[in-house]
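Please have a look at the structure first.

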Amino acid sequence: MTVRRALILGEHPIAADLIRQYEALGYEVKRSSDASASSVDLAAIDELVLLPFGDEPDAVRADYECLALLIELAAGMEPSGKRLRCHVLLRAQATLQKLRAADFCESVSQRIDLYPFTMEDVWSRSIELDYEPVTLQSEKRVHLVVFGMSEIGEMVAINAAHRAHYPNYVLNHRLRTRITVVDEDAARGQERWTSRYQHLLDNSYHRTVVPAAPQPVKAFHKPMYEGQRDEFVDVEWEFVEAKSHETGLREKLQLWAADTRQLLTVVLAHDDEKQNVSEAMLLPDVLFQNEIPVYVYTRDGLASGLGTNLRPFGMMSCGYDVTLPLVRMAKNINYIYDRCYADNVERWDGRLHYSVEIDAGERERSWAKLKNVKRMSNIFNAMSIPSKMRSIGLEAGDWDKFYDISQQDLELLAQVEHNRWCVEELIMGWRPCTPEEQRAIESDISLKEAFKKRKIHYDLRAYDDLRPDKTGKSSKIYDVCISGSLPLIAKAFAEEEGGLP
């Protein structure tokens with residue numbers, strides 16, 4: 001029996017948990033704190049984990065030193081056709097954002113499958129938003145309130161924007177997911193977010209609120225093309241400049257917590273963990289009486305046992321899964337997406353023709369060919385699958401109901417998927433066409449690909465406004481194909497790995 005080997009380089013409290021995971025999977029694990037490439041032999045290594053080295057105060061610089069080491073290690077590898085899977089723990093969210101939207105040079109990407117992460121990104125995915133299924137008929141909106149414009153606060157908000165897309169928005173565009181960010185210096189933090197997520201905020205409703213001011217709403221922004229095009233962003237933003245104890249904010253929290261039309265979740269995400277615990281204890285009583293979920297960012301579990309609705313998150317010593325469940329799900333999405341599209345594009349009649357077999361070898365080959373940005377798109381899609389299935393009354397094990405999805409549900413899920421994809425693309429730095437660019441593409445559809453190379457996407461528009469692609473078929477086929485296959489994707493994951501992420 002071949003022994004699989006994992007090598008962990010660097011120091012971090014999570015190392016012990018990673019070793020435990022690998023050993024449970026039957027790996028032989030080696031550790032080293034030596035940061036020099038000359039001391040590392042990757043010839044017999046199946047998986048590599050790079051953790052931070054030293055105490056470099058500049059997080060971005062530390063990340064780039066780590067990536068420089070990875071490039072040097074890759075350069076010393078013998079091309080063998082088998083790529084080394086590499087997990088890299090980054091310290092800066094800005095570095096992670098950059099890597100998600102770019103590829104390493106070909107000489108590196110041919111040797112290494114890179115999976116970067118930050119602990120903030122990992123922790124933020126544990127925040128549950130739709131603790132009740134949000135169906136087409138639901139009159140409830142998901143409302144996330146984040147205290148603190150810290151790195152973890154940012155990731156909680158952005159990962160929520162990736163996941164929180166629901167069918168009730170299709171019937172009522174007022175039921176957008178609302179993300180409220182509270183900070184006493186919210187205006188300054190909003191400027192930073194605007195620079196990072198310019199196209200998302202340009203195309204979203206958002207407002208700045210100062211509860212203590214004579215006129216609380218300081219600024220209200222409408223989507224860039226409001227009035228010219230149908231809405232296509234189902235998430236709205238609110239930036240509140242206030243301290244948690246201010247009367248105006250507390251009154252708002254009480255109203256939100258008592259509102260039966262909201263699925264409210266509160267996250268305390270200041271950098272100061274003791275401040276988070278202290279503020280959790282001082283929240284209005286109605287949040288506790290109505291059992292509103294309150295997530296408290298604390299790396300030592302301080303909030304444990306302090307209330308049934310208080311949920312600590314942020315433990316430095318655990319949280320990352322080396323089996324990459326989202327990646328495993330994303331590979332199935334990519335494979336089935338390609339196959340279903342190929343099976344449907346030539347005979348599209350508005351109904352899905354199914355391709356139901358998965359060839360594991362072809363799935364891996366297809367994944368290996370993908371650019372990093374396409375991989376990330378599949379991973380972001382995977383993050384939304386549990387909510388999508390719940391929204392039409394399916395649970396993780398309901399793969400056998402694959403053929404029971406009604407045409408109405410299929411159409412709904414396709415619209416939800418398109419809305420999710422639009423937000424994903426905006427977060428990743430894409431923007432919709434200007435009216436002039438749109439006219440240019442409509443006069444010559446081949447220009448669509450040329451504009452995409454500049455991160456300008458003709459399909460960033462409302463679902464009902466999607467136009468034909470170069471095949472002459474509606475771009476809706478993409479969304480219908482993947483949406484109709486959700487239970488099959490769940491089945492493939494469950495059969496191979498034992499359950500959904």
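This is a predicted model: local features need pLDDT of at least 70, side-chain atom pairs count only at pLDDT 80 or more; totals for chains, interfaces and linings use all residues.

As a general point, rolling a probe the size of a water molecule over the atoms shows where empty space is left.

Let me begin with the largest pocket, which holds about 1100 Å³ of space. Of the 37 residues that line this pocket, the closest to its centre are Y337, K374, W421, K452 and H457. Which helices contribute to the lining of the largest pocket? Helices α13 (325-344), α15 (372-391), α16, α18 (447-452) and α19 each supply at least two residues, and α16 gives the most, with six residues. If we sort the lining of the largest pocket by class, there are 16 charged, twelve nonpolar and nine polar residues.

Two of those helices, α16 and α19, also deserve a look as a pair. The axes of α16, which covers residues 407-427, and α19, which covers residues 476-484, come within 8 Å and cross at roughly 115°, which makes α16 roughly perpendicular to α19. The crossing in which α16 passes α19 is right-handed. On the α16 side the contact is made by L410, L413, A414, E417 and H418, and these meet D479, V480, I482, S483 and G484 on the α19 side. Taken by class, the residues of this contact between α16 and α19 are five nonpolar, three polar and two charged.

The largest cavity has a volume of about 110 Å³, and its lining consists of N203, Y205, P223, M224, Y225, E226, R229, D230, E231, F232 and V233. Within that lining of the largest cavity, six residues are nonpolar, four are charged and one is polar.

The second largest cavity has a volume of about 50 Å³, and the residues lining it are F147, S244, H245, R250, L253, E279, L282, L283 and P284. Here, in the second largest cavity, the lining divides into five nonpolar residues, two polar ones and two charged ones.

That is where I will stop, and I am glad to go back to any of these sites on the screen.

Technical notes:
Residues are numbered from 1 along each chain as its sequence is written. Side-chain values use heavy atoms; hydrogens and water are left out. On a 1 Å grid over the protein atoms alone, a cavity is a set of points where a 1.4 Å probe fits but cannot get out, and a pocket is an open set with protein on both sides within 12 Å along at least five of seven lines; lining residues have an atom within 4 Å of a point. Grid points are joined across faces, edges and corners, and a volume is the space filled by probe spheres set on the points. Ala, Val, Leu, Ile, Met, Phe, Trp, Tyr, Cys and Pro count as nonpolar, Asp, Glu, Lys and Arg as charged, and the others, Gly among them, as polar. Axes are lines fitted to C-alpha atoms, for helices over the stretch in contact, and angles run from 0 to 180 degrees between N-to-C directions. Helices (H or I, at least four residues) and strands (E, at least two) are DSSP runs, numbered from the N terminus. Angles under 35 degrees count as roughly parallel, over 145 as roughly antiparallel, 65 to 115 as roughly perpendicular and the rest as oblique. A crossing is left-handed if the near helix is turned anticlockwise from the far one by less than a right angle, and right-handed if clockwise. Contact means heavy atoms within 4.5 Å.
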